[in-house]
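I opened this notebook to record what I looked up, entry by entry. The sequence and structure come first.

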Amino acid sequence: MQLAELVYRSSGEAIMVSNANGEIIAVNPAFTKMTGYSIDEVLGKNANILSSGHHDRTFYAQMWQQINTTGCWKGEIWDRRKNGEIYAEWLSINSVYNEDGSVHRRVALFTDITQRKQSEELIWRQTNFDHITELPNRHMFRNCLNQEIKEAHSNQQSLALLLLDLDHFKEINDTLGHGIGDQMLKDVAKRLQTSVRHTDTVARLGGDEFTIILTGADICNNVESHAQRILQRISEPYHLGEEVVYVSISIGITLYPDDAANIDELFKNADQAMYAAKNLGRNRYQYFTSSMQEVAQTRMKLVNDLRGALADNQFRVFYQPIVELSTGAIHKAEALIRWQHPARGLVSPGEFIPVAEETGMIIDIGNWVLCEAAQQSKCWRSTLHPQFQISVNKSPVQFSHQSSSYDSWPTLLNKLGVSGDSIVAEITEGLLLDASNFTDNKLLNFRDAGIQVALDDFGTGYSSLSYIKKFDIDYIKIDQSFVKNMTPHSSDMVLCEAIIVMAHKLGIKVIAEGVETIEQRDLLVAAGCDYAQGYLFSRPVPVDEFDKLPSVIAIPTSAAES
Ligand code: C2E
Ligand code: CA
Ligand code: CA
């Protein structure tokens with residue numbers, strides 16, 4: 001008896017004994033500690049004074065049903081402490097019977113598991129919710145979408161999946177800092193939630209990408225008004241710290257079951273639609289269409305075909321002469337790649353270069369073009385002009401690639417025994433803008449190797465003078481769009497003249513691109529432009545045709561006066 005008493009008093013587990021009527025007849029100190037009730041306060045009371053109201057009638061009915069038939073019950077239960085606090089406990093109830101089989105005592109043992117429940121809850125929140133916006137995360141969202149699809153299916157209804165991506169959010173992060181960026185994401189999350197009904201699911205997939213499921217009987221006819229409201233709400237000003245910031249969002253929309261029947265397809269569709277919205281100028285929504293699918297499929301096919309093209313020898317390099325305007329002499333050319341596709345015929349670089357850039361294939365392709373061009377310029381140096389130079393386009397991707405498994409251009413030229421000054425690298429302004437040290441070094445290496453540098457498509461980008469000075473550019477290529485609209489005294493004419501004067505002051509030579517008419521050529525001559533390139537002189541042609549071009553193209557001297 002004493003031993004039993006000792007165990008009972010010192011047990012860390014709360015113990016409560018009640019009689020057959022459910023009246024409490026004994027509790028131990030651990031019970032008092034856990035519930036806050038002293039023995040005097042509970043003696044003779046029904047055990048239901050601990051009830052939290054968390055469980056419904058059926059819960060207790062089932063519990064008593066089991067106790068009455070088997071004598072015991074085990075499980076998790078939420079109770080209430082004297083101070084009102086709700087807590088979770090692991091409860092096990094056992095019965096002691098009289099000789100005649102009637103109930104003598106019920107003994108309840110309980111352990112507080114609130115902390116464990118809380119950490120479980122925390123883990124659950126962490127796996128299912130985004131900590132910045134407190135919206136469901138990708139994991140949770142997939143489960144929700146799965147559920148909604150099942151429901152829509154059984155109710156023979158549709159649902160709409162929206163994929164939303166903030167426009168230029170990176171700039172906000174970069175200029176105002178990540179703290180402000182996070183604050184904005186929170187605000188965006190709130191606005192999205194309040195733009196839809198509470199039955200619709202809003203989630204953050206990561207970064208600045210959000211997604212929404214819209215459900216309901218007539219959803220197909222309502223999607224647009226939702227999308228409109230979202231665009232409107234998101235574009236209102238954000239007051240973040242001291243700043244007032246604006247942002248817009250692009251939305252891709254796809255419908256279940258019209259566009260696709262499974263989650264992955266739906267996501268892919270919404271993604272394509274969202275990119276289409278971006279391409280159409282952002283701050284808008286775009287429905288998924290089957291033609292987007294076709295575009296995506298064509299692109300995938302292009303990627304596959306492109307992989308084999310180099311090994312299969314399907315690329316050609318064409319050359320377009322660059323004419324010296326003061327003499328009409330041709331001792332420069334631009335190398336322009338052509339893809340002779342076995343089924344599609346000639347594919348334009350405008351179509352496949354961006355794909356090659358995205359997939360990284362541009363490095364191998366670009367190096368191949370360089371080697372072709374280098375060998376060609378070596379050849380033309382002996383047949384056409386001792387200083388012959390070939391311009392080779394170099395994509396920014398080729399600069400940012402850090403892999404040491406590729407030879408640098410100076411090394412490649414060295415291996416071919418071609419001097420650096422027979423090559424001009426054509427780069428774009430964007431490259432100089434996000435110039436890392438890495439780009440700096442590569443351009444310096446070019447300089448050391450004698451490779452000259454031309455700034456392509458000048459005037460279409462940022463055209464920052466300080467960069468041009470800093471990077472020691474040798475040539476500026478005035479973009480075709482200016483040349484195209486050039487008439488005497490037009491604004492494009494004035495711009496061209498200004499570019500030429502500026503370049504000359506900085507010791508830079510100017511090449512005009514896309515010269516198609518005699519008038520354009522004459523205006524350029526009058527403006528003092530150094531070189532010109534365009535259909536007027538020759539289209540880009542294969543080597544054998546280039547060889548047939550005259551070595552000097554007549555430039556009438558009277559031209560300058562017109
Ligand atoms: P780009 O470097 O600006 O090349 C000039 C483009 O203008 C070429 O188009 C050329 O054929 C075209 N063009 C030349 N003269 C005229 C003209 O008088 N009128 C008109 N309307 N167009 C003219 P292409 O060959 O289709 O190349 C398109 C772009 O593809 C190039 O633009 C360049 O950015 C890229 N590209 C071409 N070859 C390569 C390459 O080997 N490597 C890389 N990275 N990009 C390349
Ligand atoms: Ca070029
Ligand atoms: Ca160009």
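This is a predicted model: local features need pLDDT of at least 70, side-chain atom pairs count only at pLDDT 80 or more; totals for chains, interfaces and linings use all residues.

**Entry 1, cysteines.** I took a disulfide to be a pair of cysteine sulfur atoms within 2.5 Å. By that cut-off I found zero disulfides in the structure. Cys371 is in no disulfide, and the nearest cysteine sulfur, that of Cys379, is 16 Å away. For Cys529 the closest cysteine sulfur is in Cys496, at 7.9 Å, which is too far for a bond. I also looked up accessibility, where buried means under 20% relative accessible area, exposed over 50% and partly exposed in between (1.4 Å probe, protein chains only). Cys529 counts as buried, at 5%.

Residues are numbered from 1 along each chain as its sequence is written, chains are lettered from A and ligands numbered from 1 in the order in which they are written, and side-chain values use heavy atoms, with hydrogens and water left out.

Which residues coordinate the calcium ion (ligand 2)? I listed Glu334 (OE), Asn393 (OD1), Glu426 (OE) and Asp456 (OD), at 2.1 to 2.3 Å. Donors here are N, O and S atoms within 2.8 Å of the metal (3.2 Å for Na, K and Ca); water is not among the atoms, so sites may look incomplete. Along the chain the donors follow the spacing E-x58-N-x32-E-x29-D. Glu426 sits in strand β17 (residues 423–428) and Asp456 in strand β18 (residues 452–458), so this pair links distant parts of the chain, 30 residues apart. Strands are DSSP runs (E, at least two residues) and helices likewise (H or I, at least four), numbered from the N terminus. Glu426 is buried at 2% relative accessible area, and Asp456 is buried at 7%.

Asp456 bridges the calcium ion (ligand 3) and the calcium ion (ligand 2), which lie 4.0 Å apart. I noted the protein donors of the calcium ion (ligand 3) as Asp456 (OD), Asp457 (OD), Glu513 (OE) and Glu513 (OE), 2.2 to 2.4 Å from it. Their spacing is D-D-x55-E. Asp457 lies in strand β18 and Glu513 in the loop between β20 (509–512) and α21 (518–527), so the pair ties together parts 56 residues apart in sequence. Asp457 is partly exposed, at 27% relative accessible area, whereas Glu513 counts as buried at 7%.
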